[in-house]
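Take a walk through this structure, one element at a time. Keep the sequence beside the 3D view.

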Amino acid sequence: MKADPGDQSLFCGTSNALVKRFLSPAVFNRLCRLKTDTGFTLARAIRSGQKNADSSIGIYAGDAQCYTLFKEIFEPVITAYHQITAPACHTRNLAFVDLFDLDPDRDFILSARVRVARNLDAMAFTPHINRQDRQMVEKQILDALHSLSAPLKGCYHPMEKMDPGQIRDQAHTGKAFIPGDRFQEDAGINRDFPLSRGVYTSEDKTFMVWINEEDHLRIICLEKTGDLGRVFNKLVQALDCLGKALVFASDPCLGYLNACPTNIGTAMRAGVHIRLPKLEKHPGELEKTAQAHGLQIRGTFGEKTRVTGSVFDISNRRRLGVCETRIIQDLYTGIAALMEKEKKL
Ligand code: CIR
């Protein structure tokens with residue numbers, strides 16, 4: 001797709017955000033007076049990108065309708081970020097997989113984590129939602145979570161009564177999350193924090209649901225294991241149960257719709273924390289192998305963090321135009337390849 005020259009006056013001169021690249025004056029003028037049914041505008045959608053010159057994307061959706069009403073800007077951003085050539089066509093396959101434990105002795109893999117983002121259909125997304133609706137979202141999700149049985153059965157930790165110190169402490173034990181970063185702050189996602197926010201955890205703490213963080217739901221399975229299949233299968237089981245009680249925002253082409261256009265499609269990130277001290281000294285080799293398997297390497301504590309103790313966070317790069325079982329299988333073969341390289345070095 002050929003990009004229009006971005007409108008320099010809307011964004012900081014140093015910004016490389018994708019939204020700047022595609023938001024020409026003509027596109028801006030066509031979209032700037034439109035409002036979604038919940039009242040969200042283009043100006044609100046790009047505010048985070050305008051305020052943060054180091055944004056890589058720079059646009060958020062205030063509701064599901066943004067993806068159609070502001071398609072002229074969302075589509076090229078999505079096409080460029082997700083590196084798809086044809087218009088997106090979402091394929092969903094949330095079925096159980098049968099995979100071996102990649103590292104039974106836990107020589108390399110510290111933990112495996114699979115998460116998806118979801119939003120409730122017909123509710124404004126977190127950049128735009130009001131207090132009352134946010135509370136309603138929390139209630140609907142809790143009603144659905146309370147119908148879960150073992151091993152997903154657990155309890156809810158509401159954050160409203162926690163002070164900032166308690167939130168920090170509880171975030172370390174997985175029972176809370178800290179407010180979003182400055183990108184999310186400027187998108188409006190942190191409004192009224194910590195009202196109607198909270199974390200549901202299963203009894204063994206391997207299944208968690210974050211309520212009203214960047215999206216209405218972040219559904220997470222996390223274990224100290226190299227058994228990626230087990231972790232993924234638990235997520236499939238959870239989604240199957242929750243999908244009976246909740247309707248998630250989705251689009252036939254774009255898949256699940258969420259606040260950030262990087263998180264659509266499967267909206268799934270599956271990854272491991274893996275210690276690779278030898279490959280760390282061969283960054284070219286590490287990067288090449290990861291890329292060959294469609295994997296992304298991030299710092300120990302996720303996006304925009306450093307690598308500590310040779311521990312890498314390695315996860316799928318693609319989330320749109322690829323189904324969930326393919327993602328987990330590609331992660332499996334990619335991590336196996338990285339472990340082989342590490343052993344040989
Ligand atoms: C940005 O534009 O940089 C922020 N809004 C964060 C984007 C989310 N993550 C990403 O690029 N993978």
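Helices (H or I, at least four residues) and strands (E, at least two) are DSSP runs, numbered from the N terminus. The model is predicted, so to speak of local features pLDDT must be at least 70, side-chain atom pairs count only at pLDDT 80 or more, and totals for chains, interfaces and linings use all residues. Residues are numbered from 1 along each chain as its sequence is written, and side-chain values use heavy atoms, with hydrogens and water left out.

Begin with helix α12, residues 283-292, which holds E287. E287 has 36% relative accessibility, so it counts as partly exposed. That class lies between buried (under 20% relative accessible area) and exposed (over 50%), with a 1.4 Å probe and protein chains only. Q184 is 103 residues away from E287 along the chain, and their C-alpha atoms are 29 Å apart.

Now turn to strand β1, residues 109-118. Eight of its ten residues are buried, so β1 is largely enclosed by the rest of the structure. Two strands pair if DSSP finds at least two bridges between them. β1 pairs with strand β8 (residues 268-275), antiparallel, over seven bridges. Here A112 faces V272 of β8. Strand β5 (residues 217-223) is also antiparallel to β1, again with seven bridges. In that pairing, A117 is opposite R218 of β5.

Next comes the nonpolar packing. A nonpolar core is a set of buried Ala, Val, Leu, Ile, Met, Phe, Trp, Tyr and Cys residues joined through side-chain atoms within 4.5 Å. The largest one has 60 residues, and L145, F207, I219, I274, I328 and I335 have the most contacts inside it. Helix α10 (residues 228-245) gives the most to this core: eight residues. Which residues does L145 contact, leaving aside neighbours within four places in sequence? They are Y200, V209, I211 and L242, where contact means heavy atoms within 4.5 Å. A second, separate core has 31 residues, including F22, C66, F74 and I264.

Finally, look at the ligand. Around it are S55, S56, I57, G58, Y60, Y81, F183, C260, T262, E303 and K304, each with a heavy atom within 4 Å of it. A polar backbone atom of S56 is 2.7 Å from a ligand oxygen atom. For G58, a backbone N or O atom is 2.9 Å from an oxygen atom of the ligand. The side chain of Y81 has an N or O atom 3.4 Å from a ligand nitrogen atom. On its own the ligand has 340 Å² of accessible area, and the protein covers 89% of that, by the Shrake-Rupley method with a 1.4 Å probe.

Terms used: Polar contact = N/O pair within 3.5 Å; in protein donor to acceptor, adjacent residues only side chain to side chain.
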